[in-house]
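Biologist: I'm new to this one. Can you show me what we're working with?

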Amino acid sequence: MQAKKRYLTLLSAGTCLALLLYLGGVRLRAARHPPPGSRHGPPPRPGAERPWPRFPDALRPFAPAERPGPEGGGGRVSPRQRRDASAGLYRGRRCRMESCFDFAQCRKNGFKVYVYPQQKGEKIAESYQNVLAAIEGSRFYTSDPGQACLFVLSLDTLDRDQLSPQYVHNLRSKVQSLHLWNNGRNHLIFNLYSGTWPDYTEDVGFDIGQAMLAKASISTENFRPNFDVSIPLFSKDHPRTGGEKGFLRFNTIPPLRKYMLVFKGKRYLTGIGSDTRNALYHVHNGEDVVLLTTCKHGKDWQKHKDSRCDRDNAEYEKYDYREMLHNATFCLVPRGRRLGSFRFLEALQAACVPVMLSNGWELPFSEVIDWNQAAVIGDERLLLQIPSTIRSIHQDKILALRQQTQFLWEAYFSSVEKIVLTTLEIIQDRIFKHISRNSLIWNKHPGGLFVLPQYSSYLGDFPYYYANLGLKPLSTFTAVIHAVTPLVSQSQPVLKLLVAVAKSQYCAQIIVLWNCDKPLPAKHRWPATSVPVIVIEGESKVMSSRFLPYDNIVTDAVLSLDEDTVLSTTEVDFAFTVWQSFPERIVGYPARSHFWDNTKERWGYTSKWTNDYSMVLTGAAIYHKYYHYLYTHYLPASLKNMVDQLANCEDILMNFLVSAVTKLPPIKVTQKKQYKETMMGQTSRASRWADPDHFAQRQSCMNTFASWFGYMPLIHSQMRLDPVLFKDQVSILRKKYRDIERL
């Protein structure tokens, strides 16, 4: 009986197992071979297996999965998608550098940018003229399209609002007729305004093809990462070069101001962008949170006015916007009709921490800038939580945020030129990824525009990151002596200088740059020294050649010397010791200053002995060797040609460059009183120092250099560093640099 039960149990279990296997197999085959008409594809051929799906479009992986294109099968397409697709906005949305950019020309000729010549009869707004001028004045510009890596239209694409007087008509056909257009490949299009009333879409009004967009107010939805560049919205009055400095003149402790949070701007009663600004009155308290709006704008504002308009308009007139801006800790930056706002740059300059309230806005240069270090990113849906959120931020954090706003403003946003150059540098980093800048370079002083990755990919090779890396510069220097007169006597100052410098405990080698018209002296004419002496004959024999980045310079520090400089070994040792504490600055002996001449309305140059200075001449100065590379590759050929033609002003130009990078003055060290006279000994340079034309040339150079930089980068200082116990009435044996006082 028991055996019979066991037999029936086993039979039932086997039957159930067979049934499960059969049903599972049927479903598996159905999944592999969908019926005809199924959205998964047509049925396979008899006997054929196709384990992997085949995609008809090779670029499908670049499309966002959550948003199929208008042509996607089976999905419902919204009216907005149809409208934008027909306008060409999303036609190239799958573009990335790998799929829509040709790297070959860039790798062949380097990163060169070509601007199309302006067509007859085409008007260009001043803002776009500034954009093109910034490109044409940069080191990237080329007039030869065959050498170009990137192309920029001369047709004005900044304002694509059809209601704007700056709107360019028939742009679609004009662009398509360009013989280099190539469906937009390797082209960059600048745009500030797109769309018009009432939708303000991001359609630029023509098919951009495979072109990149440098666009303001671009949304994260339409932004193509690592292809487009988000730029800030700037006004037509934004300066082309230079720009004003930030308003944080000194660090106030505590960093709080009169107002905690401020805003003053338009309130839109209807249409896109009205919700956020209409709700600001809920947060306004009239004390430390002052958020003011006005309905009084546009022609028909009274037709749409609501019950709050009169009260809002009256309170709006009570406050001065500039006074609020300069006395606020945080500035609200809500969206307007478009995502971007002029308030953004205004807040940055004023050291007022921006509180972003524009959901979906791709912040300017977000690819490289960490905005969490300079702004508070809010949410329009959580407006009522903004005051409590910013009140909870510690004062140390507030000070750091304000300091970062000033750095970002002066590094990337204070002029049209900086905005354009930042855009180009970002694109260059994408092309040459192996030497691209990292986040630390972009977000720390001096910023990405002054740190050229072609020089080195190691941060320790730049003078600005020693503290971040826990490093110190090398403890030796290379002396570079600029020789321009023939060697006719063993008592010439250049030979005495060479011996004195070679005795320095920090000297690694001496390079004599022979820029004299006479042949090189015989080797035995040079004095014997304990360090190598390398004589380099200048090929072009011009003044700028003294700042070439010679491979022979293997140390971090360069001691630049004129041939008639008179320095002792002790003076050299002390100057180098000081430089080790300030490796990013020029440290040296002969000081000069600049001033503004009100009568002539121009900059003046003076060599008078005063209590302040703004330049340390490179006839006897120490600086980092990176400045040789920056002088050669960053400055335009026009300035260097001017220096070479005049055989003058190269030291002034180097001071301009270093002060522009560091935002700091040079450092003057102890100087013997006789230095001024000994510099004018019986040498070839004596006539130059006494020549009035020489002085007039330097005056002219000052103004030419200031014009190119767009502002005066030189900074006055009253600091002079002397050795400890210098001139003190104590025993000379207690002093380390005792010989300096005897000179």
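Modeller: We'll go through salt bridges, ring pairs, charges over rings and sheets in turn. Keep in mind that this is a predicted model.

Biologist: Salt bridges, then. How many does the structure hold?

Modeller: The structure holds 19 salt bridges. Take glutamate 98 and lysine 433: their side chains meet in one, at 3.6 Å from N to O.

Biologist: Where do glutamate 98 and lysine 433 lie in the chain?

Modeller: In distant parts, 335 residues apart. Glutamate 98 is in helix 3, residues 97-100. Lysine 433 is in the loop between helix 14 (416-431) and helix 15 (439-443).

Biologist: Are glutamate 98 and lysine 433 buried or exposed?

Modeller: Both glutamate 98 and lysine 433 are exposed.

Biologist: What does glutamate 425 pair with?

Modeller: Arginine 139, in a salt bridge whose closest N and O atoms are 2.6 Å apart. This one also links distant parts of the chain, 286 residues apart. Glutamate 425 belongs to helix 14, while arginine 139 sits in the loop between helix 5 (126-136) and strand 2.

Biologist: Why does glutamate 425 count as buried?

Modeller: Its relative accessible area is 1%, and buried means under 20%. Arginine 139 has 26% relative accessibility, so it counts as partly exposed.

Biologist: Which residues are linked with them in a network of salt bridges?

Modeller: The network is made of Arg139, Glu425, Asp429 and Arg437. Within it, arginine 437 and aspartate 429 meet in a salt bridge of 2.7 Å, N to O. Both arginine 437 and aspartate 429 are buried.

Biologist: New topic. How many aromatic pairs are there?

Modeller: The count comes to 36 aromatic pairs. In one of them, the rings of tyrosine 114 and phenylalanine 151 have centres 6.0 Å apart. Their planes are at 70°, so this pair is edge-to-face. Tyrosine 114 is in strand 1 (residues 113-115) and phenylalanine 151 in strand 2 (residues 150-152), 37 residues apart. Both of these residues are buried.

Biologist: And what about tyrosine 464 and tyrosine 465?

Modeller: Their ring centres are 6.1 Å apart and the planes stand at 85°, so that pair is edge-to-face. Tyrosine 464 and tyrosine 465 are buried as well.

Biologist: Which residues do ring pairs link into a cluster?

Modeller: The cluster takes in Phe344, Trp361, Phe365, Trp371, Phe407, Tyr412, Phe413 and Trp442.

Biologist: Which ring does the charged end of arginine 308 sit over?

Modeller: The ring of tyrosine 281, at 3.7 Å from its centre.

Biologist: On to strands. How many residues of strand 8 are buried?

Modeller: In strand 8 (residues 259-266), 7 of the 8 residues are buried. Strand 8 pairs in the parallel sense with strand 9 (residues 289-294), over 6 bridges. There, lysine 266 has threonine 294 as its bridge partner. Strand 8 is also parallel to strand 10 (residues 328-334), with 3 bridges. Leucine 261 stands opposite phenylalanine 330 in strand 10.

Biologist: What order do the strands have in the open sheet of 3 strands?

Modeller: The order is 19-18-20, with antiparallel pairing. Strand 19 (602-606) and strand 20 (615-616) each have a single partner strand, so one side of each is left without a neighbour in the sheet. Strand 18 (residues 591-597) joins strand 20 through 2 bridges. Alanine 591 has valine 616 as its bridge partner in strand 20.

Biologist: What lies across strand 18, strand 19 and strand 20?

Modeller: Helix 24, residues 692-709, running at about 135° to strand 19.

Conventions
Residues numbered from 1 in each chain as written. Predicted model: local features only at pLDDT ≥ 70, side-chain atom pairs only at ≥ 80, totals over all residues. Heavy atoms only, no water. Phe/Tyr/Trp six-rings, centres within 6.5 Å; stacked < 30°, edge-to-face > 60°. Helix = DSSP H or I, 4+ residues; strand = E, 2+ residues; numbered from the N terminus. Buried < 20%, exposed > 50% of the residue type's maximum accessible area, 1.4 Å probe, protein only. Lys NZ or Arg CZ within 6 Å of the ring centre and 35° of its normal. Pairing = 2+ DSSP bridges. Contact = heavy atoms within 4.5 Å. Axes fitted to C-alpha atoms, helices over the stretch in contact; angles between N-to-C directions. Salt bridge = Lys/Arg side-chain N within 4 Å of Asp/Glu carboxyl O.
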